[in-house]
Amino acid sequence: MKLLIADDSLMMRKAVERSLAEKNFTLVGSAADGEEALRIFKETLPDLVTLDISMPKMDGITALVEMKKIKPDAKILMVTSQTDTASATEATEKGASGYLGKPFTTEQMLAKVNEILGS
């Protein structure tokens, strides 16, 4: 399964990658901003995207909407420090498959991904 990680923090992208190492994903891209994430998404059509909300050039909510236009059944997990109810509700209404607050543990990440993928 193909994985795309989008977060403006390299440390957070690495943390997501480490957390999902046992899931045997093929990492098809690691993006530092929403525009880059959308470009990689169009090229690779990943099975799972982890997407931060606060990123330069294009925020995660905008990237989410654009990704869902391209691949309506895309599985997109919002991974963000914006853990307020309004942000979670907006992301879910716009098609996010799940929402995980930062910081997170490997166990929390795996549980959320398993929930989204039904595994």
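Which residue forms a salt bridge with lysine 112, and how far apart are the closest N and O atoms? In this predicted model, the partner of lysine 112 is glutamate 115, and the closest N and O atoms of the pair are 3.9 Å apart. Both residues belong to helix H5, where they are three residues apart, about one turn of the helix. Glutamate 115 has a relative accessibility of 55% and therefore counts as exposed, the threshold being over 50%.

Five strands form an open sheet in the order E2-E1-E3-E4-E5, and their pairing is parallel. From one strand to the next, the twist averages 20 degrees. Strands of a sheet pair through backbone hydrogen bonds, in either a parallel or an antiparallel manner. Within this sheet, E1 and E2 run parallel and are joined by five bridges, while four bridges connect the parallel strands E3 and E4. In the latter pair, leucine 48 has lysine 75 of E4 as its bridge partner.

Glycine 29 has a relative accessibility of 9% and counts as buried, because buried means under 20%. Apart from residues up to four places away in sequence, glycine 29 touches Leu3, Leu4, Ile5 and Ile40. The C-alpha atoms of glycine 29 and isoleucine 40 are 6.3 Å apart in space, although the two residues are eleven residues apart in sequence.

Helix H3 lies across E1, E3 and E4, and runs at about 175 degrees to E4. Helix H5 also packs on the sheet, where it touches E3, E4 and E5; the direction of H5 makes about 155 degrees with that of E4. Strand E4 is largely enclosed by the rest of the structure, because five of its six residues are buried.

In soluble globular proteins, nonpolar side chains tend to be buried together. The largest nonpolar core of the model comprises 23 residues, and those with the most contacts inside it are Val49, Leu51, Met67, Ile76 and Met78. At least two residues of this core are supplied by each of E1, H2, E3, H3, strand E4 (75-80) and helix H4 (85-93). The surroundings of isoleucine 76 include Val49, Leu51, Leu64 and Met67, and this residue also touches Lys68, Ala96, Ser97 and Gly98, when residues up to four places away in sequence are not counted. A second, separate core contains 16 residues, among them Phe25, Val79, Phe104 and Leu110.

Charged side chains were considered next. In total, eight salt bridges are counted. One of them joins aspartate 7 to lysine 102, with an N to O distance of 2.7 Å. This pair links distant parts of the chain, 95 residues apart: aspartate 7 is in the loop between strand E1 (2-6) and helix H1 (10-19), whereas lysine 102 is in the loop between strand E5 (98-101) and helix H5 (106-117). Aspartate 7 is buried, with a relative accessible area of 3%. Lysine 102 also counts as buried, because its relative accessibility of 19% falls under the 20% limit. Salt bridges link Asp7, Asp52 and Lys102 in a network.

A further salt bridge connects aspartate 33 and lysine 57, whose closest N and O atoms are 3.9 Å apart. Here too the pair links distant parts of the chain, 24 residues apart, with aspartate 33 in the loop between strand E2 (26-31) and helix H2 (34-44) and lysine 57 in the loop between strand E3 (48-51) and helix H3 (60-70). Aspartate 33 counts as buried at 9% relative accessibility, whereas lysine 57 counts as exposed at 65%.

Arginine 13, in helix H1, is buried yet has no salt bridge. The nearest side chain of opposite charge is that of aspartate 7, at 5.8 Å, and a salt bridge is not assigned because the criterion requires a nitrogen and a carboxyl oxygen within 4 Å. With neighbours within four places in sequence left aside, arginine 13 is in contact with Ile5, Asp7, Asp8, Ser30, Ala31 and Ala32.

Methods. Residues are numbered from 1 along each chain as its sequence is written. This is a predicted model: local features need pLDDT of at least 70, side-chain atom pairs count only at pLDDT 80 or more; totals for chains, interfaces and linings use all residues. Side-chain values use heavy atoms; hydrogens and water are left out. Buried means under 20% relative accessible area, exposed over 50%, partly exposed in between (1.4 Å probe, protein chains only). A nonpolar core is a set of buried Ala, Val, Leu, Ile, Met, Phe, Trp, Tyr and Cys residues joined through side-chain atoms within 4.5 Å. Contact means heavy atoms within 4.5 Å. Lys and Arg count as positive and Asp and Glu as negative; His and the chain ends are not counted. Two strands pair if DSSP finds at least two bridges between them. Axes are lines fitted to C-alpha atoms, for helices over the stretch in contact, and angles run from 0 to 180 degrees between N-to-C directions.
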